[in-house]
Amino acid sequence: MNIVVCVKYVPDATGDRRFEADNTVDRVGVDGLLSELDEYAIEQALQIKEKTGDAEVTVLTVGPEGAVDAVRKALQMGADKGVHVSDEAIAGSCALSTSLVLAEAIKKIDHDLVMFGMGSTDGAMGVLPAMVSERLGVPGMTFGSAIEVDGDKVKIRRDGDTATVTAEGKLPLVASVTDQTGEARYPSFKGIMAAKKKPVETWSLSDLGVDAGLVGLDAASTTVENTEARPPRTAGEIVTDEDGSGAKALVDFLASKKFI
Amino acid sequence: MSEVLVLVDHVGGSVRKTTNEMLTIARRLGEPSAVFIGQLSDDATAALKQYGAEKIYVIDPNAVGPYLVTPKAEVLAQLVEQASPAAVLMSSSAEGKEVGARLAVKTDSGMITDAVDVESDGGTPVATQSVFAGSYTVKSKVSKGTPIIAVKPNSATPEAVDGAGTVEQVSITISDAAKGAQMTGVEPKKASGRPELTEAAIVVAGGRGTGGNFEPVEQLADSLGAAVGASRAAVDSGWYPHTFQIGQTGKVVSPQLYVATGISGAIQHRAGMQTSKTIIAVNKDEEAPIFELVDFGVVGDLHSVLPTVTEEVTKRKG
Ligand SMILES: Cc1cc2nc3c(=O)[nH]c(=O)nc-3n(C[C@H](O)[C@H](O)[C@H](O)COP(=O)(O)OP(=O)(O)OC[C@H]3O[C@@H](n4cnc5c(N)ncnc54)[C@H](O)[C@@H]3O)c2cc1C
């Protein structure tokens with residue numbers, strides 16, 4: 001079985017994330033890394049590989065030069081090979097265009113199961129799995145909190161707001177998984193050494209046969225009108241509880257704000 | 001005036017508050033048309049009319065079958081073709097986003113998710129989003145195709161305006177491609193009896209500091225008429241169900257008052273509560289990062305502070 005895991009290189013959430021003058025996310029001036037939420041998809045892909053025995057896991061990313069770091073991390077965790085789609089024309093692409101690039105790249109890779117995390121830690125839209133499934137014309141099962149492959153069938157459980165749903169689909173298909181699927185492994189020393197020898201291909205838009213006019217900031221289907229940093233919250237009054245004094249002060253605060 | 005399609009969010013036929021909010025937003029942009037997939041009851045019709053639905057498109061639930069969300073996107077694509085709406089709104093839930101994403105590809109349109117407000121700029125929707133763990137506010141427009149906007153709960157105050165509510169049955173043929181993923185089981189969640197987490201005016205949340213005992217948290221919540229939330233650490237420990245998790249991979253809430261107890265305030269947790277109007281924390285570690293964003297904080301043990309607060313609140317509310 002061939003599994004393709006789509007991953008994203010994102011600005012570190014613990015750092016200072018910001019926008020550039022053209023309202024695109026600053027992806028160069030800040031430290032980047034593999035989106036943590038994609039680690040869960042890699043982990044599930046590796047577990048499926050371990051269970052079925054004969055799967056090959058390819059990691060695919062679309063992003064600037066540094067994005068290859070995200071691929072490398074996935075290879076260190078245990079994925080077999082990587083594909084990095086990189087092209088200056090792609091910068092500033094909206095989700096719709098990105099899904100086009102991903103879908104065209106996936107078509108060039110042998111694939112039965114295409115996996116995603118639940119959303120990126122920066123854009124956080126969580127729509128690419130559905131868009132790619134739509135473009136590939138294969139079923140999609142998103143936001144799985146558990147996933148299982150059984151022969152040519154994939155089963156997921158989805159914990160929704162109002163119900164828990166179980167669903168089943170036949171390969172080939174696209175699935176996305178949440179952080180509820182379980183902790184992702186850390187790369188082992190052996191994994192880190194082995195990753196150095198794993199192949200990573202770099203593809204441009206012309207390798208994919210995608211017209212550069214269909215992607216990038218100018219072709220984006222959504223336009224950011226403005227971005228504004230929220231004023232940081234300032235710390236208010238902090239009291240230390242001594243024999244119930246804290247509780248009393250808290251109740252007084254609630255009353256002063258008319259919550260009681 | 002153009003129609004604005006609103007995919008009705010309902011549970012077993014009863015319309016959710018998010019739908020009223022979306023109908024209110026739709027009226028700012030054009031003429032609200034509700035799209036109801038399911039068995040439309042008189043109550044539901046009345047509810048949709050009350051918040052301004054001029055038209056109600058009804059799609060028989062048997063037409064979409066036991067298949068996952070794809071058929072719903074096909075329904076909307078057909079209606080977009082038929083009505084050329086000014087925008088399509090759906091709720092920004094897992095399912096809503098997936099329906100919207102598929103519709104975006106089918107109609108080659110731009111999509112905006114997680115809108116916390118939508119205004120009209122001469123009929124063009126301008127959506128507000130809160131990004132990077134609530135540290136930035138972003139306004140955007142759709143510049144291609146039919147604007148598709150997934151709207152978060154609490155994004156508008158529902159305004160009652162009488163709509164005509166003309167019911168129109170829509171027949172639909174679902175493609176074979178949409179039948180590839182099928183639901184095999186649905187287990188409805190039990191209601192907690194407390195306000196809906198994303199809609200509540202007050203949320204009291206507990207973290208690892210509860211040590212697994214949520215009773216003080218629940219009791220304080222009940223004294224304030226609040227919803228209960230939890231940090232991922234509490235959820236991962238199996239102390240509270242995942243539906244109540246607040247943060248990046250849980251719910252994003254923006255209540256009038258958020259009370260964080262035994263929660264350190266990690267960035268991923270802040271992503272889910274940072275835009276709350278007033279924030280209170282109870283934590284025994286005065287260095288806990290949560291104290292950087294509170295309006296009021298108590299350094300102390302939640303197991304002694306909360307019960308006293310609950311008692312006093314109950315007394316004062318008398
Ligand atoms: C990809 C990713 C996604 C994540 N998504 C989320 C998310 O959606 N939501 C989320 O919450 N987290 C999320 N996390 C986890 C997050 O990083 C933190 O680990 C988590 O929020 C910590 O939960 P906590 O504050 O309850 O626990 P801790 O960080 O362990 O803090 C417990 C706090 O309780 C205090 N305490 C202990 N005992 C008492 C007592 N008796 N009285 C008062 N205070 C006490 C301690 O001083 C401490 O500050 C995510 C992490 C990752 C990597």
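Me: How many salt bridges does the structure hold over all chains?
Reply: This is a predicted model. Side chains of opposite charge can pair when their charged atoms come close. Over all chains, the number of salt bridges is 40.

Me: Which residue forms a salt bridge with Lys8(A)?
Reply: The closest N and O atoms of this pair are 3.0 Å apart. Lys8(A) forms the bridge with Asp122(A).

Me: How many residues apart in sequence are the parts that this pair ties together?
Reply: Lys8(A) sits in the loop between β1 (2–7) and β2 (9–11) of chain A. Asp122(A) sits in the loop between β6 (113–117) and α4 (128–136) of chain A, so the pair ties together parts whose separation in residues is 114.

Me: Is Asp122(A) buried or exposed?
Reply: Buried means under 20% relative accessible area. Asp122(A) has 5%, so the residue counts as buried.

Me: Which helix of chain B holds the salt-bridge partner of Lys72(B)?
Reply: Lys72(B) bridges to Glu95(B), with the closest N and O atoms 2.7 Å apart. Lys72(B) itself is in helix α4 (residues 70–83) of chain B.

Me: Is Asp176(B) buried or exposed?
Reply: Asp176(B) meets Lys179(B) in a salt bridge of 3.9 Å, N to O. Lys179(B) is partly exposed, at 34% relative accessibility. Exposed means over 50%. Asp176(B) has 66%, so the residue counts as exposed.

Me: Which residues are linked with Glu134(A) in a network of salt bridges?
Reply: The network includes Arg158(A) from chain A. Also linked in the network are Glu74(B), Glu98(B), Arg102(B) and Lys106(B).

Definitions and conventions
Residues numbered from 1 in each chain as written. Chains lettered and ligands numbered in written order. Predicted model: local features only at pLDDT ≥ 70, side-chain atom pairs only at ≥ 80, totals over all residues. Heavy atoms only, no water. Salt bridge = Lys/Arg side-chain N within 4 Å of Asp/Glu carboxyl O. Helix = DSSP H or I, 4+ residues; strand = E, 2+ residues; numbered from the N terminus. Buried < 20%, exposed > 50% of the residue type's maximum accessible area, 1.4 Å probe, protein only.
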